[in-house]
2 protein chains.
Amino acid sequence: MKTLNIIKIGGNVIDDESKLNDFIQSLASLNEPFILVHGGGKLATDLAEKLNIPQQLIEGRRITDAETLKIATMVYAGYINKNIVAKLQKQNINSIGLSGADGNVMKATKRIHQEIDYGFVGDISIENVNFNFLDILLQSGLTPIICAITHDKQGQLLNTNADTIASVLASALATSFQVKLMYCFEKKGVLNNPEDENSVIKNLDWNTFQKLKEEGIINKGMIPKINNAFDALANGVKEIGITSATNFTYFIKNNTYEGTRIN
Amino acid sequence: MKTLNIIKIGGNVIDDESKLNDFIQSLASLNEPFILVHGGGKLATDLAEKLNIPQQLIEGRRITDAETLKIATMVYAGYINKNIVAKLQKQNINSIGLSGADGNVMKATKRIHQEIDYGFVGDISIENVNFNFLDILLQSGLTPIICAITHDKQGQLLNTNADTIASVLASALATSFQVKLMYCFEKKGVLNNPEDENSVIKNLDWNTFQKLKEEGIINKGMIPKINNAFDALANGVKEIGITSATNFTYFIKNNTYEGTRIN
C-alpha cells in the first residue's frame with residue numbers, strides 16, 4: 001500500500017509567520033504524499049474581538065453562533081487556507097484547499113446535545129468521508145489542505161474540530177493507504193512532567209494513557225487530542241505521532257521519531 | 001464538443017440571500033456542466049468599514065493594500081465561496097470552491113503600472129489557466145466555483161477582477177468545449193437608454209459598441225465588462241451573453257435568449 005501522511009497543525013504554527021514558513025519548507029522536503037489539516041489559531045478570536053462579537057464558552061468549549069461561524073469560515077477556509085495553499089504552490093507542491101463542502105469531502109451532522117447548544121458545530125464519521133474524491137485528487141498529484149469547516153449537505157456550513165477531522169480522515173483512508181497520522185502542536189510530545197519540556201513520553205499505550213489521566217498528568221485539551229489518536233489506532237492507522245512542528249522537521253530530515261508515538 | 005457554461009455573478013446576486021437562493025435553484029436546473037465565477041459584493045466593503053480599514057480608490061479603481069487583500073481573501077475565498085458551495089451541494093451539484101492558487105488553476109502576474117500602485121492586484125492570461133486540472137475536475141463530475149482571488153506562484157495571493165477571470169477561463173476552455181459565457185449583473189442587459197430598463201440591446205457587435213461608447217450611452221463599469229466579453233469572442237467563445245440573474249433563470253427554463261448577445 002502507498003504511504004499517505006496526514007498532518008495536523010494548530011494555532012502555534014499558523015499564528016507565527018516564520019514558524020509557518022519553516023513548516024511549509026519541511027512539507028516541501030517530505031517527498032511523500034500528504035494531506036494537511038489545519039485549525040484556526042488566534043486569528044479568528046482576534047477578528048471576533050475587533051468586530052465586538054462576544055465569544056461564548058461553555059465548560060471550556062466554544063459555542064459557534066451564526067456570527068462566529070461566519071468568522072471561522074472567513075478565517076479558516078479563506079485567509080489561512082488560501083495562504084497555506086499559495087505558500088505550498090511556491091514550493092511546487094500542487095495543493096488544493098478544501099472545506100468539507102468542497103467536493104462534499106466531509107459531510108457532518110450538527111451536534112445535538114441535551115443540555116448545551118453548541119450552535120453550528122458538526123460531528124463527522126468515517127462513512128461520511130468522500131474517499132473517491134480524495135483518491136481522485138491524490139492520484140492527480142494534488143495535495144489536499146483541509147480546514148476545520150464542514151457542511152451538512154443541507155446548505156449549512158459547520159465548525160468541526162480539526163484534531164477530529166485528522167483522525168477521521170486517517171481512519172477512512174487506512175483501508176487503502178499506509179497512513180501516518182501526525183499531530184503537530186506546541187510541545188515536543190505528550191509530557192510525563194508538564195513542568196519539564198523534555199519529559200516526552202516516547203510510547204503511549206491505552207493503559208498508560210488511562211493511568212496518566214487518573215493522575216492528572218494528562219489533562220484538559222490533551223485528552224480529546226489523544227482520544228482522537230487512539231480512535232485512529234483502533235481504526236487501523238498504523239503509525240500515529242504527537243509532536244511539535246519543529247520536531248516534525250527533524251523527523252523528516254533524519255527519519256527518526258522524535259515525539260510521542262501512540263500504540 | 002461538449003457544452004460548458006461559464007457564468008459570472010456579481011454583488012447584486014451575492015448580497016441578497018433570497019436572490020442567491022433563487023439563482024442557485026436555477027443553476028441546479030441547468031442540467032449542463034458549468035463553472036461559476038463570483039466577485040465579492042458589498043460584504044468586503046462592509047467588513048473593511050467595520051474594521052476601520054480605509055478603502056482607497058484611484059480613478060474609480062480600488063487599491064488592494066495588504067489589509068484589503070486579507071479582507072478580500074476572507075470574504076471571497078472564505079465566506080461567499082463556501083456558502084455558495086454548500087448551497088449547491090444541497091441541490092446535489094457536486095461543487096468545489098477554488099481560488100487561483102488551488103490546484104494552481106490560475107496563476108496571475110502582479111500588476112505593474114507606471115503611475116498607480118494598485119497594490120496586490122493580479123492580471124491573468126489564457127496561458128496561465130491550468131486547463132488539465134479543470135478538465136480533471138469536470139470529467140470527475142465536479143463543478144468549479146471560482147472566486148476573484150488568484151496567486152503569483154511565489155506565495156503571494158492577488159485580487160483579480162471576476163469579469164476578467166470569466167473571460168479568460170472561457171477563452172482558455174474554448175478550444176476543447178463549446179463555451180457559453182454568461183455575465184449576470186443587475187440590469188436585464190446592455191441598455192440603449194440607461195433610463196429605460198427595457199431598452200435592452202439584443203445584439204451588440206463591435207462597431208455598435210464603439211458607437212455607443214462615443215455617445216456615452218455605454219460608460220463607466222460597463223466598458224471593461226463588455227471589453228472582457230469581446231476578448232472572449234475574439235478568442236473563439238461562440239456564445240456570450242450579458243443579462244440579469246433573473247433573466248438567466250428565464251433563459252434556462254425557456255431556452256430562449258433574454259439579454260444582450262455579444263457578436
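Predicted model: local features only at pLDDT ≥ 70, side-chain atom pairs only at ≥ 80, totals over all residues.
Local features need pLDDT of at least 70 and side-chain atom pairs count only at pLDDT 80 or more, while totals for chains, interfaces and linings use all residues. Residues are numbered from 1 along each chain as its sequence is written, chains are lettered from A in the order in which they are written, and side-chain values use heavy atoms, without hydrogens and water.

**Around B:Asp163**

Let us start with B:Asp163, a residue of helix H6 (162-173) in chain B; helices are DSSP runs of H or I with at least four residues, and strands are runs of E with at least two, numbered from the N terminus. The side chain of B:Asp163 makes a polar contact of 3.2 Å with that of B:Lys225 (a pair of N or O atoms within 3.5 Å, one able to donate a hydrogen and the other to accept it; residues adjacent in sequence count only if both atoms are side-chain atoms).

**The annotated site in chain A**

UniProt, in an unreviewed entry, puts a "binding site" at A:Gly40, A:Gly41, A:Arg62 and A:Asn159; such annotations may be inferred rather than shown by experiment. These residues span 120 residues in sequence, yet no two of their C-alpha atoms are more than 13.7 Å apart, so they gather at one spot. A:Gly41 sits in the loop between strand E2 (34-38) and helix H3 (43-50), and A:Arg62 in strand E4 (61-62).

| Residue | Relative accessibility | Class |
|---|---|---|
| B:Asp163 | 9% | buried |
| A:Gly41 | 25% | partly exposed |
| A:Arg62 | 35% | partly exposed |

How values were computed
Buried < 20%, exposed > 50% of the residue type's maximum accessible area, 1.4 Å probe, protein only.
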